[in-house]
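Reader: I would like to go through this model with you. Please keep the answers brisk.

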Amino acid sequence: MFGSTVRGTAVAAVVLAGFAVSCGADPATPVAAPTASASVPVSVTVPPSVSVPPSASAVPGPSGPGPAAPRASGGPGALPGAAPEKVRDAFAGLQATLNDACTPAECAHFLGRVHDELHGLDAAMKADPKGPGHFPEPIALIAELDAQLAGDRSFTNLKKHQTLLISTRDRINTWMQGHPDDYR
């Protein structure tokens with residue numbers, strides 16, 4: 001259809017730019033687009049309301065640092081403004097950590113996950129229609145843990161308080177198992 005890939009790339013860039021402008025784009029934000037030929041630079045205007053993902057090398061992977069992807073369900077790491085999980089869903093997430101352990105290769109992930117699951121359950125309990133007073137012991141245990149952690153969620157601090165973190169998880173699990181009507 002096109003005589004060359006350069007012409008095809010240029011036409012594609014113009015079409016994309018036209019589409020962006022027709023959608024109310026602000027032409028003040030140029031972003032370089034990938035091209036089929038390295039010798040022909042092409043730029044595309046992207047509106048400020050559109051987020052451009054970072055390059056693949058900048059995205060943290062399982063071995064790289066960075067936060068986990070947010071849950072759409074409102075649990076730990078949920079998107080801002082998302083509704084909290086239901087207590088039963090948050091409790092299921094916490095229970096999923098029961099068979100895991102702090103192995104040398106996965107300790108940071110494991111401790112961070114237990115911490116996040118506890119706080120997801122805390123948020124779910126506080127947002128539950130029954131009210132936070134319906135879950136006094138688990139909420140108090142998480143508050144006690146938070147007082148000891150003093151806002152420091154670093155691996156070093158979680159490792160230092162590993163016994164408290166795990167015992168908090170286990171005590172809440174026991175309490176919830178004794179109150180099945182509270183989360184089913």
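Author: Start with Thr168. At 3% relative accessibility, Thr168 counts as buried (buried is under 20% relative accessible area, exposed over 50%, partly exposed in between, with a 1.4 Å probe and protein chains only). This is a predicted model: local features need pLDDT of at least 70, side-chain atom pairs count only at pLDDT 80 or more, and totals for chains, interfaces and linings use all residues. Residues are numbered from 1 along each chain as its sequence is written, and side-chain values use heavy atoms, with hydrogens and water left out.

Reader: Which backbone oxygen does the side chain of Thr168 reach?

Author: Thr168 lies in helix 6, residues 162-177. Helices are DSSP runs of H or I with at least four residues, strands are runs of E with at least two, and both are numbered from the N terminus. At 2.7 Å, the side chain of Thr168 reaches the backbone oxygen of Leu164.

Reader: Which residues does Thr168 touch, not counting residues up to four places away in sequence?

Author: Contact means heavy atoms within 4.5 Å. With residues up to four places away left out, Thr168 touches Leu118, Leu141, Ile142 and Leu145.

Reader: Which residues of helix 2 and helix 6 make their contact?

Author: The axes of helix 2 and helix 6 come within 11 Å and cross at roughly 135°. That makes helix 2 oblique to helix 6. From helix 6 come Arg169, Ile172, Asn173, Met176 and Gln177; from helix 2 come Val87, Phe91, Leu94 and Gln95.

Reader: How many helices and strands does the chain have?

Author: From the N terminus on, the elements run α-β-β-α-α-α-α-α. The secondary structure comes to 6 helices and 2 strands.

Reader: What percentage of the residues of the chain count as buried?

Author: The chain has 184 residues. Among contacts with a separation of 6 or more, residues 24 or more positions apart account for 54%. The buried share of the residues is 30%.

Notes. Polar contact = N/O pair within 3.5 Å; in protein donor to acceptor, adjacent residues only side chain to side chain. Axes fitted to C-alpha atoms, helices over the stretch in contact; angles between N-to-C directions. Parallel < 35°, antiparallel > 145°, perpendicular 65-115°, else oblique.
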